[in-house]
Amino acid sequence: MPTKLSDRRASLLRRAFSGAAGLALLCAGLPAAAADEDDAGLARFYDQRISWSAKACGSEPGDRPEPLQCGKVTVPLDYAHPRAGTLELALARYRATGDSHGSVVLNFGGPGGSGVQELAYGGEEFMDLAEGYDIVSFDPRGVGRSSPVSCGDGDFEAPEEETGSDPLGDPQAVLRELRQIAADCAEHSGPVLPHIGTVNVARDLDVIRQALGDKKLNYLGFSYGTRLGAVYAAQFPDKVGRLVLDGVDTLTEPLAEQGIAGAKGQQTALESFLDWCVRDIACPFGQDARTAREDVVSLVRSLDEDPVPTAFGGPFSGQDLVGALGQGLYSEDLWPSLERALASLVEDGDTRAIESFGGGGFALPPPVRSGAGEGTEGTLVNEEDIPLDNLPAALMAVNCADDPDRPTAEQVTRDLARLRADYERASPVFGTYRLTQVLMCHGRPKGTDFIREQVKDVDTPKMLLVGTRGDPATPYRWTVETAERLGSSAVVLDNRSEGHTGYGSSTCVHRKVDDFLLHGSLPADGSSCGSDEDR
């Protein structure tokens with residue numbers, strides 16, 4: 001039986017997962033130019049059609065608004081060598097309930113989340129769009145049933161050096177651990193790993209568009225899905241239909257700057273939560289906002305120094321709490337549950353409720369089922385064979401594939417003290433956590449600079465970008481900056497509310513996005529939606 005994950009290794013992987021919603025973090029070089037669908041070797045991929053059936057979805061809940069149908073498409077493993085191997089990608093759809101104008105493809109963010117599962121269990125939120133579209137999502141390469149990547153079963157011995165209560169107390173030990181994780185990921189992920197990343201997923205998306213029978217791509221992307229949509233627009237500008245980006249990612253900021261922005265956003269969201277919490281007599285931090293903020297910092301430090309046991313028997317540290325807080329702050333709808341979970345931790349030492357927030361309900365109990373990416377030869381895997389660590393493994397793989405910066409171990413060690421000071425100024429709660437996430441690409445090959453250098457000034461029809469003022473993961477300024485970078489095609493909708501993304505939490509945003517996708521009606525550039533509480 002595999003040994004338990006080392007505490008540091010498990011913590012590092014949990015932090016990788018918790019950055020899924022906003023941090024734009026193995027191995028792709030400059031991509032080949034987007035090939036015409038008639039290019040030699042690619043024509044066969046553009047000639048396929050999808051065979052849909054409900055049976056292909058396997059087990060499914062019975063309360064869906066319409067029967068879910070599933071299918072697959074085949075794409076090249078390597079677009080530069082399209083005859084060198086293939087991958088199957090899992091798809092799911094709800095059929096249009098009205099007159100269909102084709103399909104709208106959804107990406108729910110991550111990277112690393114299964115679009116098929118998200119659509120299966122959260123599709124009701126999008127059924128208004130079924131008045132004019134089939135609603136489609138997919139598992140990108142390396143994710144879910146589509147050749148899932150994995151970093152192994154955790155059979156790894158921790159280094160002898162101990163960092164004590166300081167997660168970054170021994171930089172050399174942490175960097176060695178990260179290099180080992182990178183090696184384990186390469187060993188367990190199979191041939192898809194060198195070909196993972198948003199540039200290739202965007203090319204897969206164009207194959208999907210053609211297989212759906214659509215001349216243009218209609219698309220709704222959230223968080224990381226906005227990065228994917230922007231890359232698609234740059235690669236296939238003449239194939240863009242109605243495109244919406246909600247919770248807009250940065251296309252240009254280096255990882256270190258992204259991490260600081262994320263820490264600031266999460267600190268602001270935490271303070272908003274505590275302002276709300278202290279108005280409730282049940283708030284575990286009392287009724288004064290200033291002391292509540294101090295109490296949270298003290299709690300994190302106390303748990304880092306003396307972790308409490310979890311339901312799985314491992315330690316629950318201050319950094320584990322920070323990761324759970326980050327997930328609980330994504331939506332104001334989660335605040336009551338987060339308050340109760342914190343009360344259980346503070347008053348009873350019970351970690352079960354707060355652990356459910358860590359990674360959005362994801363945990364890393366040993367042993368981890370692994371190896372699903374090995375030997376599958378690009379075919380879909382069964383749901384029960386998806387590695388339990390697929391989401392954090394895919395998150396790291398995609399984000400690192402999209403990032404060209406790779407400071408050396410010497411540079412990291414030299415700059416670490418300055419970076420720590422910058423991050424702790426940004427957030428005394430989230431600073432160390434976010435800095436650790438920035439280091440996750442250490443030991444992996446340099447990623448592509450295509451996104452940073454070439455995704456700009458797109459010549460496409462108008463697209464809608466939604467930014468939320470109180471977004472803890474993708475700061476509103478990223479929406480403005482990305483709109484400026486994309487050029488005159490970008491139209492900004494200012495959501496003056498809290499939470500990560502706007503479509504699911506703002507009635508106004510929901511209506512304006514649907515109006516654009518269904519009818520082509522765009523709001524004026526710079527127009528706004530107020531908080532639902534203001535109406």
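## Questions about a predicted model

Visitor: Where is Val104 placed, and which residues does Val104 touch?

Guide: Val104 sits in strand β3, where strands (E, at least two residues) and helices (H or I, at least four) are DSSP runs numbered from the N terminus. Leaving aside residues up to four places away in sequence, Val104 touches several others, among them Leu129, Tyr133, Ile135, Tyr219 and Leu517, and contact means heavy atoms within 4.5 Å.

Visitor: What makes Cys151 and Cys185 a disulfide?

Guide: Their sulfur atoms are 1.8 Å apart, and since a disulfide is a pair of cysteine sulfur atoms within 2.5 Å, the pair meets the rule. Cys151 lies in the loop between β4 and α4 (171-189) and Cys185 in helix α4, so the pair ties together parts that are 34 residues apart in sequence.

Visitor: How do you know whether Cys151 and Cys185 are buried or exposed?

Guide: Cys151 has 1% relative accessibility and therefore counts as buried, and Cys185, with a relative accessible area of 2%, is buried as well.

Visitor: What makes Cys400 and Cys441 a disulfide, and which parts of the chain does the pair link?

Guide: The distance from S to S is 2.1 Å, which falls within the limit of 2.5 Å. The pair links distant parts of the chain, with Cys400 in helix α12 (residues 390-401) and Cys441 in the loop between α14 (431-438) and α15 (450-454), 41 residues apart. With -95 degrees about the S-S bond, this link of Cys400 and Cys441 is left-handed.

Visitor: How many disulfides does the rule give?

Guide: The count comes to five disulfides, and one of them joins Cys277 to Cys283, S to S 2.1 Å.

Notes:
Residues are numbered from 1 along each chain as its sequence is written. This is a predicted model: local features need pLDDT of at least 70, side-chain atom pairs count only at pLDDT 80 or more; totals for chains, interfaces and linings use all residues. Side-chain values use heavy atoms; hydrogens and water are left out. Buried means under 20% relative accessible area, exposed over 50%, partly exposed in between (1.4 Å probe, protein chains only).
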